[in-house]
Amino acid sequence: GEEIQCSDVREGADDDQLLEAISSLGQKERIIIGIDAPLSYNPKGGERPSDSDLRRFVHAQGGHVGIMSPTMIRMVYLTLRGLQLTRLLERLKPQYDLEIVEVHPGACMLLRGADPNDVRKFKSELPARGRLLDWLETKGLRGIHRAESVSDHYVAACAAALGAWQWSLGKSIWRFALDLPHHPYDFAC
């Protein structure tokens, strides 16, 4: 609909806790999962076509956000985590009506009009995180602002939820369609 409601927060959840959270939603519900990690890699290594396309699109809109190839140092670990997580989640099908999309939280916020300075600083500055949470609430995310200090991972998760939700409604601002067999998930913002 016009908004989504945060009903649970689990920071630092391991695989078993993620599976428990999904199973608690029930088998009759449509479950959309936005993952902030590369969910594929280019068969020849380096940057995927989706990475360069998103970078060009963000730049054409006047923005700048770090978009790194899945095989870059340090990104390799996130890529491996994303691949492992999708493999685990895919095992829940067809028992659960589960859809997975790769998202880039920074690009999701920039492309929807978040303050570029806040997007650039949210990983290091608490005030930027608070302003972005306020901004995300204006985009239809309800119940996300918390009184205590929040981590940059929490803000990124909220932005990923926004991107996945809008993708599920067919309202992505940018989308790179899956390309089987090497890129099995849409990448959307």
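So, Thr79: buried or exposed? In this predicted model, Thr79 has a relative accessibility of 5%, so we call it buried, given that the cut-off is under 20%. You'll find Thr79 in helix H3, which runs over residues 75–90. And what does Thr79 touch, once we leave out residues up to four places away in sequence? That would be Pro38, Ser40 and Pro70.

Okay, on to a pair of helices. Helix H6 covers residues 126–138 and helix H7 covers residues 152–168, and the two pack with their axes 10 Å apart, at an angle of about 20 degrees. Anything under 35 degrees counts as roughly parallel, so that's what we call H6 and H7. The crossing of H6 past H7 is left-handed.

Which residues meet there? From H6 we have Arg129, Leu132, Leu133, Trp135 and Leu136. Facing them from H7 are Asp152, Tyr154, Val155, Cys158, Ala159 and Leu162. Sort the residues of that contact and you get 9 nonpolar, 2 charged and no polar.

Last stop, the sheet. It's an open one, built from 4 strands in the order E2-E3-E6-E5, with mixed pairing. Which strands stand at the edges? Those are E2, residues 30–35, and E5, residues 175–176. Each has a single partner strand, so one side of each has no neighbour in the sheet.

If you want a spot to look at, find Ile31: opposite Ile31 is Leu98 in E3.

How values were computed
Residues numbered from 1 in each chain as written. Predicted model: local features only at pLDDT ≥ 70, side-chain atom pairs only at ≥ 80, totals over all residues. Heavy atoms only, no water. Buried < 20%, exposed > 50% of the residue type's maximum accessible area, 1.4 Å probe, protein only. Contact = heavy atoms within 4.5 Å. Axes fitted to C-alpha atoms, helices over the stretch in contact; angles between N-to-C directions. Parallel < 35°, antiparallel > 145°, perpendicular 65-115°, else oblique. Left-handed = near helix turned anticlockwise from the far one by under 90°. Nonpolar A, V, L, I, M, F, W, Y, C, P; charged D, E, K, R; others polar. Pairing = 2+ DSSP bridges.
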